[in-house]
Amino acid sequence: MSIHSVLSVSPLDGRYASRVEPLVAEVSEYGLIRYRVMVEIKWLIKLASEKHFEEIPSFGEEAKAFLISLYENFSPEDAMAVKEIEKSTNHDVKAVEYWIKNQVKDHPELAASSEFTHFTCTSEDINNLSYGLMFKSTINDVVLPQLQEVIASMRDMAHQFAAIPMLSRTHGQPATPTTLGKEIANVIYRLERQVKQLQNTEFLGKINGAVGNYNAHVVVYPEFDWPAFAEDFITQDLGLTFTPYSTQIECHDYIAEFSHTMTRINTILIDWARDVWNYISHNFFKQRTIAGEVGSSTMPHKVNPIDFENAEGNFGIANALFIHFAEKLPISRMQRDLSDSTVLRSVGSAFGYTLIGFSSLLKGHGKLEVSAETLMADLNANVEVLGEAVQTVMRRDGIANPYEKLKDFTRGKRINIEQMREFIDTLELAPEVKAQLKALEPATYVGLAEKLAREI
């Protein structure tokens, strides 16, 4: 462990740095600068490939390969060189432009075209596309795979525990039995709906100049179809979705959309973490002990559910950021103000805290062991939950006031299985129906829960 870990202001760069390592190449400042270099170079190559622009000579294969290598081999040291230029420019995107020009100044073919770097662009043309690429890669290559890993671990548990009966609790009170696997399946279904929405995210981009009207573009090449050229660049060269209308900035609505999806995912997982916490506190789950771990500084017997508490806390921090992104970023004064730039620099933190939550859940899942005896004892202590089944059959078979009769017999009372069977014997039901009801026990009154859990 480096001394920098204890000097870090943020736990993302200190205590939890190893957990967010997959994000470093994407959402760090290095990652943003790398994407800016990529967009600038791809735009330059695109311009040079268009015959209409006679003043921009086309590039040979070697020249194109050299340009491509600048972003494919872009290093943290290169990012520091850009930052050094920024000390003079006091403008981050202009520093990228100058860095590229420095790289090609000794290349005869490219040096002649270096002034077409950033041609017709405002800095937001580069920024919005860079963030679009960053978000697309972060969500598809980092967030979704780790989320799918969490879901896969839950699916394993849903299938493994599909037939293990447990008492439900609605309003904190004993309720109709279920199975442990079915309760996990409920969470999986909720998550998979959100995964589909995240997978369908459109990552938008624009490259239409200072206020979105192609003003300078039309002055230099008035007969050219700039919107079609911009759309082809954004969709074909970058793999993003084209925004045909904008001010100086892309409006960020899509960032709000995936931010809201991320908050729903994290909220579902907070709900899950809290339920597992409660299951552990009721001893429905036990936690495997890890050699050397300490649960309490003074109570040596304790095995605390810290992984689920850690997950809950980190998902909460992530959601606070994602909600702010969704509420702030689509708002910009007039044709643009700079407040979005400040906020966008913190997007990595939201994804980082989310990833910590994922890893905490996975760690916690790996420690869980079911206490089937505790679950069974809880069921057997609440025989009154069979009242739902009995009164429903009474309704079917025409007995008057079935709900009220079961309410008088069971509400607020503890009854045992023999008392329930004696009650059933007093009912005017066919013998075979009585036998069916008397055979019920809380552990067998689970409906289709096992089947539903196995099918998830």
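Guide: A word first on contact, which means heavy atoms within 4.5 Å. Helices (H or I, at least four residues) and strands (E, at least two) are DSSP runs, numbered from the N terminus. This is a predicted model, where local features need pLDDT of at least 70 and side-chain atom pairs count only at pLDDT 80 or more, while totals for chains, interfaces and linings use all residues. Residues are numbered from 1 along each chain as its sequence is written, and side-chain values use heavy atoms, with hydrogens and water left out.

Visitor: What covers the buried residues of helix 16?
Guide: The cover includes strand 1 (165–170), strand 2 (173–179) and strand 6 (368–370). Buried means under 20% relative accessible area, exposed over 50%, and partly exposed in between (1.4 Å probe, protein chains only). In helix 16 (residues 372–380), L375, D378 and L379 are buried. Seen down the helix axis, the buried residues of helix 16 fall within an arc of 100°, so they line one face. That arc is taken from the directions from the helix axis to the C-beta atoms.

Visitor: What makes R155 and E192 a salt bridge?
Guide: The rule asks for a side-chain nitrogen of Lys or Arg within 4 Å of a carboxyl oxygen of Asp or Glu. R155 and E192 meet it at 2.1 Å, N to O. R155 lies in helix 8 (residues 123–160) and E192 in helix 9 (residues 180–199), so the pair ties together parts 37 residues apart in sequence.

Visitor: How do you know that R345 and E29 meet in a salt bridge?
Guide: Their N to O distance is 3.8 Å, and the limit is 4 Å. The pair links distant parts of the chain, 316 residues apart. E29, R36, K83, E86, D92 and R345 are linked in a network of salt bridges.

Visitor: Why does E26 have no salt bridge?
Guide: The nearest side chain of opposite charge, R34, is 4.1 Å away, and the rule stops at 4 Å. Lys and Arg count as positive and Asp and Glu as negative, with His and the chain ends not counted. E26 is buried and sits in helix 2 (residues 24–27).
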